[in-house]
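Thanks for coming. I will go through one model today, starting with its metal sites and moving on to side-chain contacts and domains.

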Amino acid sequence: MALLLVAGPATTLSPTLAGAQAIPTSGNAPLISLSNGQNLEGEVPVVVEPVTENDSVTTLAVDGDRIGADKTAGTAHFAFEMGGNGTEARYRNYITVNGHTADADRVYLPDIPGGQVGTLDFPGDWLQPGSNTITVQAGANWVDSTTKTAVGYEELPNGEGGRCPNYDDYALSSISLSLLGVVADGEQNLFSYSFGDGTCGSSAKLLKQALTFVISGEPGSTSGLRADLDTTRLTNGTHTVSATTQSGAKTSVTVDVNNSPVGAAVVTPGDGARIRGTRPVIAALPTGGKDHVESLAVDDKPAENAEALATGTATLGLRVEAGNSIEARYQNYALVNGHRVDLGGDYGATGAEDVRLAFPTRFLHLGDNVVEVRTGDYNGT
Ligand SMILES: [Ca+2]
Ligand SMILES: [Ca+2]
């Protein structure tokens, strides 16, 4: 191992020889994914992150009693300086890490303005000793265009112009990868990469770039803990959740457990929720049961809505005349007293067609009702 690394001056070797190192005599307190005063009910995932090199989290406890927990490899951070006009979340730019290329494993770039430092987090156990690949993929979104020569240009029917896929333009520089307990060397990568395509391919740059990071040390050597805390095994009231590292650094949070009796309805908003404006208040039982919710009260007064029509289905009928048809992809919709009902179909393509739009009767009330039919656009906005 050491022989393979002798490539530069001996002084550069020491940082790459991470691995079995002494536990620090004093570490910083680990981070628990719960906050003081948080209300807990049912099964609650609890994650504890180590924060000091080689100071793994060893114990997760409730009221001083250790509970079973699985080791994690901590959280890895992919960091960079954002250049150009930055990224926008709507383009859905993303990275993938090693073989974790499934849709669910993509880590998307949020809105990051140019000139800011960005960090993307992912599980440390996605990394491995030796060579690792992080692939940056630029995302695209449709824009209206009159440039018929643009890459991917599409003419919309019925004289509604054209569109082309436009990739987000941005630059990444000072790219780094970090995970407690290992050293990730990214020197094979360039200092900076420019992504994007100008406007729909007007100036083609990178759309996809694989980056290489060589890791010395074992991902997870500074480990965290994760557990699903079953609060139904705790009494209702205040409890202390604590986590301790190898060096003895400790974090404690006080949480409030409030489990309803078995079989009780689940009430939304939940315990401790902050609400403002108009919010629905719902009491629901698990599906499949024969029981039903008998009453719902706010401060002991029955919770009631303004009188609405009974349950059932109402129908809005309209006739689409022959000519320019309604198309599902434009996401046209109706507003029934402010409730959105999607038209959701292609109508009138081959001639005049009657459309029947079904919606819950509870959208209607006695007296005047307002129904608006609205046209959407192909972005669904
Ligand atoms: Ca672009
Ligand atoms: Ca951009």
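Start with the calcium ion (ligand 2), which is coordinated by Asn 85 (OD1), Gly 86 (O), Asp 168 (OD) and Asp 169 (O), at 2.3 to 2.5 Å. A donor here is an N, O or S atom within 2.8 Å of the metal, or 3.2 Å for Na, K and Ca; water is not among the atoms, so sites may look incomplete. Along the chain, the donors of this ion follow the spacing N-G-x81-D-D.

Before going further, the conventions. This is a predicted model, where local features need pLDDT of at least 70 and side-chain atom pairs count only at pLDDT 80 or more, while totals for chains, interfaces and linings use all residues. Residues are numbered from 1 along each chain as its sequence is written, chains are lettered from A and ligands numbered from 1 in the order in which they are written, and side-chain values use heavy atoms, with hydrogens and water left out.

Now the calcium ion (ligand 1). Its protein donors are Asn 166 (OD1), Tyr 167 (O), Asp 169 (OD), Asp 197 (OD) and Gly 198 (O), lying 2.1 to 2.4 Å from the ion. The spacing in sequence is N-Y-x1-D-x27-D-G. Strands are DSSP runs of E, at least two residues, numbered from the N terminus.

The cut-offs are under 20% relative accessible area for buried, over 50% for exposed, and partly exposed in between, with a 1.4 Å probe and protein chains only.

Asp 169 also takes part in a salt bridge, with Lys 205, at 2.8 Å from N to O. The term means a side-chain nitrogen of Lys or Arg within 4 Å of a carboxyl oxygen of Asp or Glu. Lys 205 is in the loop between β17 and β18, Asp 169 in the loop between β14 and β15 (170-178), 36 residues apart. Lys 205 counts as partly exposed at 40%, whereas Asp 169 is buried at 16%.

By this rule the count comes to 11 salt bridges. Another one joins Arg 163 and Glu 154, with the closest N and O atoms 3.2 Å apart. Arg 163 is buried, with a relative accessible area of 10%, and Glu 154 is partly exposed at 32%.

Next, Thr 231, in the loop between β19 (224-230) and β20 (237-245). Thr 231 is buried, at 0% relative accessible area. A polar atom of the Thr 231 side chain lies 2.7 Å from the backbone oxygen of Gly 42.

Last, the domains. The assignment, automatic or from a database, gives domain 1 (75-216) and domain 2 (313-374). Their centres, taken over C-alpha atoms, are separated by 40 Å. In contact, meaning heavy atoms within 4.5 Å, are 5 residues of domain 1 and 4 residues of domain 2. How many salt bridges are there between domain 1 and domain 2? The count is 0.

Key. Helix = DSSP H or I, 4+ residues; strand = E, 2+ residues; numbered from the N terminus. Polar contact = N/O pair within 3.5 Å; in protein donor to acceptor, adjacent residues only side chain to side chain.
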